[in-house]
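Subject: Structure handover

Hello,

Here is the structure we talked about. Please open it alongside this email; my notes follow below.

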Amino acid sequence: PPVMTTATSTSPPGSAVEQGSWRASVWRGVVMTMPTVGVVGLLVALAAHRYLPLANADAMLPALISTQHLTLFYWGQDRLASVVPAMAWPVRDPIWNFRVQTVIAGFAFFGLLAMFAWFHLHATGRRVTASFLAITTLVTGILVMMPMRAATGNVFIFEQGYAFSLALFLSGGRWVMRPYSPQALTFYVAGAAAIVASLLVNPSLALLAPMLWILDDTREGRMRRSAAGIGVVIVGFALGAVAARLFYDGPSQQSMYNDFSLARARHGLGAVVSGLLGSLDLSVATVLGVGCITVLALRWQSLPWRLKVVYVVAPVIGFTWILAFSANRWVEFNLFGFRYFYTVYAAGMLWLAGAVAEAGALARNRLPAHSSGMGAKRSIGVVLGVVLAGVGVAAPLYATAHTDIPTLEATDQHVAAARRFKARLVVGDYWSTWPIVVAGRGDGLDLLGVTFRSVAIEHQIRDSVDDSLARTGHVRLLCPSAE
């Protein structure tokens with residue numbers, strides 16, 4: 001069929017026409033996403049109110065990584081790069097740093113839902129408007145939280161970096177798979193950096209490299225761009241392995257990460273399935289699952305081939321992940337927790353976002369079109385988008401600041417004791433020590449935790465002990481676990 005030419009396609013690379021078109025495209029993208037940013041922020045605020053009270057030491061330790069001693073990887077591990085702690089580094093107060101990192105993680109989770117919905121609409125050739133994408137994201141976000149137990153929501157929305165790393169990987173893949181243009185060089189570089197960063201956080205994303213071609217809209221040159229994208233993934237994966245050897249000298253868990261056993265899988269598969277089922281309200285999850293399958297099945301013939309591939313492959317990957325990692329020694333060491341099987345939940349989120357987007361698009365087609373006053377409406381929409389985006393940034397910060405977190409509130413007496421007795425070292429179990437240190441440092445005390453994962457600040461602990469012995473001849477310890 002004939003192809004409509006545009007000023008971009010007929011103008012020489014680097015011309016003023018092409019540069020203007022590129023800037024206009026970027027501006028349209030920014031304007032279109034502002035209402036969605038606002039909606040995502042409101043969803044994060046709602047999730048914070050529901051799930052953040054369950055925050056524990058696992059969620060608070062990154063605040064110390066960011067404000068006390070920023071390392072390439074999570075303290076005590078040679079993986080899980082500290083990308084989010086680095087992003088929050090300018091916020092030096094540990095409590096507010098924790099809140100900012102919480103908001104970043106929440107934006108990544110619900111932003112991923114927006115990406116899923118946008119991809120479905122884009123791949124089916126539907127018109128993607130700012131208001132429709134925002135409404136679709138809002139509905140999908142509310143629905144995805146409905147079957148979640150409180151612990152499940154806290155782990156996947158705020159505590160773990162799976163959604164953040166997947167959003168980085170897909171965004172980077174989309175930018176890398178753009179047809180080449182000198183004006184898009186910034187996107188290529190940013191895309192490659194995003195892919196590398198995502199692999200430093202979660203190396204298992206390298207398994208998705210063969211699927212990068214699905215993100216490409218243009219057939220011409222697709223294989224070449226796919227090969228380049230896979231090359232970036234290989235470089236990122238190798239960089240993570242090299243960085244672990246160069247920048248980490250603590251105890252390594254690589255032997256446990258790489259230990260897979262068929263006998264362990266036979267024992268662990270039941271525990272994994274039981275944990276997955278227990279993490280959700282099955283009645284609500286069943287209703288949503290049946291609804292998604294019904295909508296997508298009824299519209300299956302009209303879906304483009306790459307969406308069909310995505311919707312078939314995603315649950316296959318999730319099921320394969322269950323089989324593979326139920327045989328993993330590290331997962332067994334952590335009691336086959338549901339947190340290690342995010343791919344299963346991500347597949348469900350993908351189906352849910354696609355079904356909501358498809359149903360919403362069908363409903364929108366039945367509404368009468370209004371074309372009068374489009375210029376005025378567009379200007380009003382931009383203003384409302386800016387306001388909504390501002391609210392979306394402020395709302396989750398307000399929600400996190402005004403949500404009671406029992407783990408932090410329980411530290412008041414310990415912080416007061418540390419101040420009264422001038423104790424700097426907090427010695428105890430992992431779950432009680434780090435919240436006390438976060439609360440104490442947020443209250444102006446230079447506390448150091450001596451517990452699991454303290455290896456990253458071992459030099460600070462030794463210096464503190466030596467200094468105290470030299471000045472006073474003794475060392476004062478706060479031992480909360482001894483009570």
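Is Leu-185 buried, partly exposed or exposed? Leu-185 is partly exposed, at a relative accessible area of 48%. Keep in mind that this is a predicted model. Leu-185 belongs to helix 9. Its C-alpha atom sits 9.6 Å from that of Trp-175, a residue 10 places away along the chain.

Salt bridges

Side chains of opposite charge can pair when their charged atoms come close. The model has 14 salt bridges. Here are some of them.

Start with Asp-217 and Arg-174. Their closest N and O atoms are 2.6 Å apart. Asp-217 is partly exposed, with 35% relative accessibility. Arg-174 is partly exposed too, at 22%.

Next, Asp-216. This residue forms a salt bridge with Arg-225, with 2.8 Å between the closest N and O atoms. Where do the two partners stand on burial? Asp-216 is buried, with a relative accessible area of 1%. Arg-225 also counts as buried, at 9%.

Then there is Arg-299 with Glu-358. The closest N and O atoms of this salt bridge are 2.8 Å apart. Distant parts of the chain are linked here, 59 residues apart. Arg-299 lies in the loop between helix 13 (282-298) and helix 14 (305-325), while Glu-358 lies in helix 16 (residues 342-365). Arg-299 is partly exposed, with a relative accessible area of 27%. Glu-358 is buried, at 0% relative accessibility.

Asp-58, Glu-159 and Arg-339 are joined by salt bridges that share partners.

Helix 21

Which residues does Gln-460 touch, leaving aside those up to four places away in sequence? The answer is Gln-68, His-69 and Leu-448. Gln-460 is part of helix 21 (residues 458-472). Its relative accessible area is 18%, and the cut-off for buried is under 20%, so Gln-460 counts as buried.

The helix length checks out. Helix 21 has 15 residues, which should span 21 Å at 1.5 Å a residue. The end C-alpha atoms are 21 Å apart, in agreement with that.

Now look at the sides of this helix. Gln-460, Ile-461, Ser-464 and Ser-468 are buried in helix 21. These residues cover an arc of only 100° around the axis, so they fall on the same side of helix 21.

What do the buried residues of helix 21 pack against? They pack against strand 1 (425-427) and strand 2 (448-450). After helix 21 comes Gly-473, with a positive phi near 85°.

Helix 5 on helix 7

Two packed helices are described by the angle between their axes and the distance between the axes. For helix 5 (residues 94-123) and helix 7 (residues 150-159), the angle is about 100° and the axes are 7 Å apart. Helix 5 is therefore roughly perpendicular to helix 7. Helix 5 makes the contact with Thr-102, Ala-105, Gly-106, Phe-109 and Phe-110. Helix 7 makes it with Phe-156, Ile-157 and Phe-158.

Most residues other than glycine have a negative phi, and most peptide bonds are trans. Two residues to check against that background follow.

Leu-335 is not a glycine, yet its phi is positive, near 60°. Leu-335 sits in the loop between helix 15 (329-333) and helix 16. This residue is exposed, with a relative accessible area of 71%.

Lys-422 is not a glycine either, and has a positive phi of about 55°. Lys-422 is in the loop between helix 19 (412-421) and strand 1. At 70% relative accessibility, Lys-422 is exposed.

Over to you.

Best wishes

Definitions and conventions: Residues are numbered from 1 along each chain as its sequence is written. This is a predicted model: local features need pLDDT of at least 70, side-chain atom pairs count only at pLDDT 80 or more; totals for chains, interfaces and linings use all residues. Side-chain values use heavy atoms; hydrogens and water are left out. A salt bridge is a side-chain nitrogen of Lys or Arg within 4 Å of a carboxyl oxygen of Asp or Glu. Buried means under 20% relative accessible area, exposed over 50%, partly exposed in between (1.4 Å probe, protein chains only). Helices (H or I, at least four residues) and strands (E, at least two) are DSSP runs, numbered from the N terminus. Contact means heavy atoms within 4.5 Å. The expected span of a helix is 1.5 Å times one less than its number of residues. The arc is that of the directions from the helix axis to the C-beta atoms. Axes are lines fitted to C-alpha atoms, for helices over the stretch in contact, and angles run from 0 to 180 degrees between N-to-C directions. Angles under 35 degrees count as roughly parallel, over 145 as roughly antiparallel, 65 to 115 as roughly perpendicular and the rest as oblique.
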